[in-house]
Amino acid sequence: MSGKGKEGGLVATDIACRRAERLLFSALNFALGPGDALMLRGPNGSGKSSLLRLLAGLLPAESGSLSWRGQPVEKDRAAYRADIAYLGHLDALKPQLLVRENLAFWADLVGGTVGVDAALAKVGLTPCADFPAQHLSAGQRRRFGLARLLLKPVPIWLLDEPTTALDVAGVKLVTDLIARHLAAGGLAIISSHDQMALPNARTLTLGSAA
């Protein structure tokens, strides 16, 4: 995937990833600039989640390099991570706390600049704000994860199956939030089985599971 004109964005060069004794992928290349989206496709076990974790700094690469804004990520990993919002499979909720209290915890953790109530409203969770988190449905838990993304604007979104457990309205919400993020100059890398009509979206298909 060409990196022409994207040198100041997020650039992966010959990335390889191994889990246990299995090489998930190798010689992976892409380059993304402001407003770009990359959709990850491939069967279960092909390495989509592992790639997102690698890009989030949660998993080491077997080989290859990653640069952000023209500098190797390894030169300042803290600065790179500060520019990332990662939405994985775990909902990161403390069940006994209220939904609002849970999000306030995350706002303090990331140095949120967007109000907790405003973030909850944007994902349709205002009616649940004062519920203990243990009472949320699977779809509401996913919406909570989306609210976490909105607490602090950052340029890179890494989203692992963001539409899981969501209804039609929830899928549209995800698509709209990503589109707004891209329109504001952000970039996004998304693993999803749902088809999302996103501007400037490209597809990267990972290989078959072994």
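Predicted model: local features only at pLDDT ≥ 70, side-chain atom pairs only at ≥ 80, totals over all residues.
**Entry: the main core**

I started with the largest nonpolar core, which has 38 residues. Which members touch the most other members? I found L103, V123, L146, W157, I178, I190 and L198.

**Entry: I178**

I then took I178 and left aside its neighbours within four places in sequence. What is I178 in contact with beyond those? I listed W157, L159, A188, I190, M196 and L198. Of these, W157, I190 and L198 had already come up among the core members that touch the most others.

**Entry: the other core**

Another core lies apart from the largest one. I counted 28 residues there, including A12, C17, F30 and L158.

**Entry: positive phi**

Most residues other than glycine have a negative phi. A20 has a positive phi of about 60 degrees. Where is A20 found? I placed A20 in the loop between β1 (10-19) and β2 (22-32). Is A20 buried or exposed? A20 counts as exposed because its relative accessibility is 70%, and the cut-off is over 50%.

A27 also has a positive phi, near 50 degrees. I found A27 in strand β2. Its relative accessible area is 53%, so A27 is exposed.

Terms used: Residues numbered from 1 in each chain as written. Heavy atoms only, no water. Core = buried A, V, L, I, M, F, W, Y, C linked by side-chain atoms within 4.5 Å. Buried < 20%, exposed > 50% of the residue type's maximum accessible area, 1.4 Å probe, protein only. Contact = heavy atoms within 4.5 Å. Helix = DSSP H or I, 4+ residues; strand = E, 2+ residues; numbered from the N terminus.
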